[in-house]
Amino acid sequence: MTRLSILGGRVIDPASHLDSVTDIHCADGHIIAVGTAPPDFSATQEIDARDHIVCPGLVDLSVRLREPGSEHKGTILSETRAAAANGITTLCCPPDTNPVIDTPAVAELLQHRALYAKMAKVYPLAALTQGLKGEHLTEMGILKEAGCIGVSNVQPIIKTDIFSNALKYAANCDMTVFLQAKDPWLGREGSIHEGRVSIRLGLLGIPEAAETIEIARDLLLIEMTKVRAHFCRLSTARGVDMIKEAQALHITADVSAHHLFLTEEDIKEYNSDCHVCPPLRHQNDQNALREGLRQGYIQAICSDHQPHEKEAKHNPFAMTAPGISGLDTLLPLTLRLAEEMNMDLIEILSYVTHKPAQILGLNAGTLAVGSVADICIFDPSLSWTMTENTMHSLGQNSPFLGWEFKGKVTDTLIGGEVVYTSRVFDTLKDVVHESVESQEQYSV
Amino acid sequence: MNAIQLDKFGHLKHFIAIEGLKRDVLIDILNTASSFISVGEKAVKKAPILRGKTVMNLFFEHSTRTRTTFELAAKRLSADVLNFNISTSSSSKGENLIDMLRNLEAMHCDMFIIRHKAAGAAHFIAQHVAPNISIINAGDGQHEHPTQAMLDMYTIRQNKGDFSPLRVAIVGDIQHSRVARSNIYALKTLGVSELRVVGPKTLIPNGIEALGVSVFHDLKMGLRDVDVVIMLRLQRERMHSALLPSVHEYFHYYGLTEKVLKVAHPDAIVMHPGPINRGVEIESTVADGKRSVILQQVSNGIAVRMAVMAMTLGTQRVSIDDKA
């Protein structure tokens, strides 16, 4: 077993309020000491982390791996590797795969393939209803035993009686419900925020109320059923206000990194890389999302990673597939947010480490002694420009191409093993694709 | 949209949208169209300006009159014209837009006239087309229909002369109308004194005031003292999505009748992009009446489309430069 020391880095662990230049020692996949090594410890591997920041591996609440069902967009191997290359060591995937994650078989397939990939740890969300159709409950208890960390609707459940029963049953299974608040009717043909830009471009809009109506319904049902709920990807200022006013309930919320940086105006002349759901909204919404984060009503920033093949974005705007490939920008945007909002690193990193881990009920996202050694090491002063070549995900659909960032991951450890280091990994990009093929051979 | 439709000298390379085009460019189009009006009045209705050029009509959405006027315009400029009927071709076989584009490029055309149901389609094609091909937007979803706007401007100038003192009302389904959007941009750029949009709340987008128009939900108030009334066609599909209760009620409140027209300026003209729905948005006596310039619009459409084709293919540049 590797015994490893990370030496001389600025160690930031929001969970244990630690921010100081020190060493970390790992053995048997766990962190055994922070600071001085135990007397009998001798490292088999040392990482020089001087001038680097050592933080917990990132926890990402929403990553579409695209497998099973859309392997031309991404695979478990390609996307968990991309996650690792970006310091993300734990991720949660929504159930809208094909087939849907509504049986233990699919949940297990995902986890087995992720285990085989030996990259970021994958925790699936199960569908709240069979086939996400909003008609019959899934076997939530058995799905939980099969490793599902929560349940999610993805699409709105139209029948309120079924929705309310599903929430009650999830509470009965002690599972967190992950809710995507979107009215099934309002703006259903829209592809963009209803506002100035939708008028200008002649695109059908999705009004703010499409989100807030559903949040209102969800909140009333959460109160009634006493379920623990998490609101995924808030996009409106009004939505943040509603969450703020409902703090007596067991609720949490997240926001995607792109909603913190982009608005409807970034769509410019039909830039389909900005086609995303929920849509990019008004500047006031973006400001409110940032404030919601600062005030603690939004606890997590996620990548909302949705990789696509080139063709999916190669059409007139409304005909393109929504979604942004986000793994490669989660940490860079988070670091940039710290600068723009004048926040300390220890605070901003909590939104991508132990706070999302808490939402998932996982003992992850921390560097406390005794925890699993999932660690991200990055060079905070390295400036770089994002291009298709710097992206690790198979999907290169990013509106941030050409953006300049400061701070880049140099090493990622999962379970005490170095799974990524920038010194060699970038030259390994081709190898990733080869091993995708070799995995296919393996599974046959 | 100017980044894509103007070349580095500020000349029209494509014609995608009115939004962003400067007044000078709009006036150039009107003046060029003026010089083409006479072609249609001669015994031999041909000018050799686009001889040897090939123009392809790519209509992904059904249209008879726009397609026909483009065809006629191209033929009067001596171009060869191909009509590509998309509904019976490969798009229904699953070929994507880019692949189709590459195939059509391989046929060495000089210009594509595009109508498509998706907003931004003409812009998208202009982004990806080979550099020697010009794109003209013949209507993209609910975005713009720039040649319609220019023929409307031509007709207004023909009847009213100067734009600056005019009060103009656009009446009907503003929400779903590409004609309304293009006309709003054109009229604002040409500097009319007042621009109103009139219609029920379900057919007027929230926040349209940002484009510099005033909103009226009462037809009589909206038409008071206006010099130009631009009626929009009401699509019957609008009844299905609960935007309106019935044609009957729509006509009752928003149909243009002789009676309601009395509140407008005595010399007011009535326009309509066609095809008109008699008894839905306009009364027959108005459509056929002395204030109606609807058929003038159709004839002007040919000259305006000739102008835009000639300008985007570069054959009119010398004359425009001379004027500058």
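Analyst: Let's start with handedness: a crossing is right-handed if the near helix is turned clockwise from the far one by less than a right angle, and left-handed if anticlockwise. Keep in mind that this is a predicted model. The pair to look at is in chain B: helix α6 (residues 146-160) and helix α7 (residues 178-190), whose axes come within 8 Å. The crossing of α6(B) and α7(B) is right-handed, and the angle is roughly 50 degrees. Angles from 65 to 115 degrees would count as roughly perpendicular and those under 35 as roughly parallel, so α6(B) and α7(B) are oblique to each other.

Who does the touching? On the α6(B) side you'll find B:P146, B:Q148, B:A149, B:M150, B:D152 and B:M153. From α7(B) come B:V179, B:S182, B:N183, B:A186 and B:L190.

Now for the link between the chains. Chain A puts 16 residues in contact with 24 residues of chain B. On the chain A side, 8 of those are nonpolar, 4 polar and 4 charged.

Chain A itself holds 13 helices and 18 strands. Its radius of gyration is 21 Å, close to the 22 Å that the globule rule gives for 444 residues, so chain A is as compact as a globular protein of that length. The C-alpha trace of chain A spans about 65 × 50 × 50 Å along its principal axes, and 57% of the 444 residues are buried. Among contacts in chain A with a separation of 6 or more, 74% are between residues 24 or more positions apart.

Two spots in chain A give you something to zoom in on. One is helix α9 (residues 330-340), with A:L330, A:L331, A:P332, A:L333, A:T334, A:L335 and A:R336 as its buried residues. Their cover includes strands β6 (58-60), β7 (88-93), β15 (300-302), β16 (375-385) and β17 (404-414), along with helix α10 (345-350), of chain A. Just after α9(A), A:N342 takes a positive phi of about 55 degrees.

The other spot is A:S78, which sits in helix α1 (residues 76-85) of chain A. With 26 other C-beta atoms within 10 Å, A:S78 is buried; the cut-off for that is 20 or more. A:S78 lies 8.1 Å from A:H392, C-alpha to C-alpha, although 314 residues separate them in sequence.

Notes
Residues are numbered from 1 along each chain as its sequence is written. Chains are lettered from A and ligands numbered from 1 in the order in which they are written. This is a predicted model: local features need pLDDT of at least 70, side-chain atom pairs count only at pLDDT 80 or more; totals for chains, interfaces and linings use all residues. Helices (H or I, at least four residues) and strands (E, at least two) are DSSP runs, numbered from the N terminus. The radius of gyration is taken over C-alpha atoms; the globule rule is 2.2 Å times the number of residues to the power 0.38. A residue is buried if 20 or more other C-beta atoms lie within 10 Å of its own, exposed if 12 or fewer, and partly exposed in between; C-beta atoms are placed from the backbone. Two residues are in contact if their C-beta atoms, placed from the backbone, lie within 7 Å. Axes are lines fitted to C-alpha atoms, for helices over the stretch in contact, and angles run from 0 to 180 degrees between N-to-C directions. Angles under 35 degrees count as roughly parallel, over 145 as roughly antiparallel, 65 to 115 as roughly perpendicular and the rest as oblique. Ala, Val, Leu, Ile, Met, Phe, Trp, Tyr, Cys and Pro count as nonpolar, Asp, Glu, Lys and Arg as charged, and the others, Gly among them, as polar.
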